[in-house]
Amino acid sequence: MSAERMLPTPEAEDLISLTRRIVDEQLRPAVDAHEREGTFPRDVFRTLGRAGLLGLPYPEEYGGGGQPYEVYLQVLEEIGTAWASVGVGTSVHALSCFGLFTAGTQVQRERWLPDILGGELLGAYCLSEAHAGSDPAAMRTTARRVGDDYVIDGAKAWTTHGGQADFYKVMAKAEAGITCFLVPADADGLSADPPEDKMGLMGSTTATMLFDGVRIPVERRLGGEGQGLSIALAGLDAGRLGIAAVATGVAQGALDVAIAYAKERETFGRPIIDHQGLTFVLADMAAAVESARATYLSAARRRDAGLPFGQQASIAKLVATDNAMKVTTDAVQVLGGAGYTRDFPVERYMRETKVMQIFEGTNQIQRLVIGRGLKKQ
Ligand SMILES: Cc1cc2nc3c(=O)[nH]c(=O)nc-3n(C[C@H](O)[C@H](O)[C@H](O)COP(=O)(O)OP(=O)(O)OC[C@H]3O[C@@H](n4cnc5c(N)ncnc54)[C@H](O)[C@@H]3O)c2cc1C
């Protein structure tokens, strides 16, 4: 069952229909094999790019979709109902373009954005390091200016699409502070460690990227020296809404499986959905999904209206991912023993959701951001 949506325009309705069609025809048939074998679905990102779904929140003049954030996020949610790795990847790709769009020069935007937004080039975002996740300012990767170039040395941990991307948005310490660079995948001295062996999101490669004297011309610096951390963090405000939307999609997917199972499965002579104790579990799951959706949409509408939305984005990420963790765990419960097997996708949904409470700022860090905002009120 698909979520009922209130969309702002007929164009947005068409986009959701297109997304549902691609999800049903191309994502659902492929998800199990990729997630079991841990293979990266590069072709799926190409399909999404060619359908115009990879650059939705960016302006049409650069090849984007010119859509409000509230529409882009609902597209992400639809993808998340079927395949979290692809939903997360789509959100990370949008995050990797953010610095180029907001801090890049006109020349930089015109040169790179059309291929990136059209899905020909897949992006990654390199902020975290092994010792600097929640506290990215503690990073040690350096960017040394040598003539018209920068030379980057260090290691960026946990890179989603690491080793698969065509370009990396990299934050490194230059003389005037943390600075943002767009590094092409084929740069000399850039390599990827073997991917992390994770609990979930097997179809989303996560790897440490190693920078060994990577020489980058100054034209690939985004914004000024020292502006990199603010570019990275501003991108995360929007990125967190992406994660909230994907988490809501995964939760909706888990709820759909649980309802279908509860209508079929009988105990004590009737379908388990007719046992009130079980119906209450399903009712709480439905309430958690709806409230997560309402929370991320409310934050997105603030962003679309040009209002500050950082605190609301943190609230949406916190609420949507915590709700999704509960909903996916309860979906396993609704299916009983069957829920604990790989015959049904709910155990995968549960494993996939866990990381959403961790990346793009753990949910403890979201609380720090929300608390800081409260102090300013
Ligand atoms: C699958 C996956 C994909 C990822 N993709 C990317 C990516 O594409 N790009 C990227 O840059 N990073 C990525 N990350 C990294 C991710 O953002 C970090 O893992 C995350 O920010 C947490 O950092 P950490 O792992 O170093 O944990 P730590 O910072 O070591 O935190 C450990 C624990 O301490 C808590 N904690 C830390 N500081 C505080 C505090 N001040 N108050 C209260 N609690 C605190 C945390 O909440 C956590 O529970 C990814 C991570 C994973 C697992």
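## Ala 82 and its contacts

Outside the four places on either side in sequence, Ala 82 is in contact (heavy atoms within 4.5 Å) with Val 23, Arg 28, Val 31 and Arg 348. The model is predicted: local features need pLDDT of at least 70, side-chain atom pairs count only at pLDDT 80 or more, and totals for chains, interfaces and linings use all residues. Residues are numbered from 1 along each chain as its sequence is written, and side-chain values use heavy atoms, with hydrogens and water left out.

Ala 82 belongs to helix α3 (residues 69–82); helices are DSSP runs of H or I with at least four residues, strands are runs of E with at least two, and both are numbered from the N terminus. The relative accessible area of Ala 82 is 3%, so this residue is buried (under 20%; exposed is over 50%, partly exposed in between; 1.4 Å probe, protein chains only). Leu 27 is 55 residues from Ala 82 in sequence, with a C-alpha to C-alpha distance of 6.8 Å.

## Lys 169

Strand β4 (residues 167–174) holds Lys 169. Lys 169 is buried but has no salt bridge (a side-chain nitrogen of Lys or Arg within 4 Å of a carboxyl oxygen of Asp or Glu). Glu 360 is the nearest side chain of opposite charge, 9.9 Å away. Residues touched by Lys 169, beyond four places in sequence, include Leu 95, Phe 98, Tyr 125, Cys 180, Phe 181 and Ile 231.

## Glu 13

Glu 13 lies in helix α1 (residues 10–37). With a relative accessible area of 43%, Glu 13 is partly exposed.

Technical notes: Lys, Arg positive; Asp, Glu negative; His and termini not counted.
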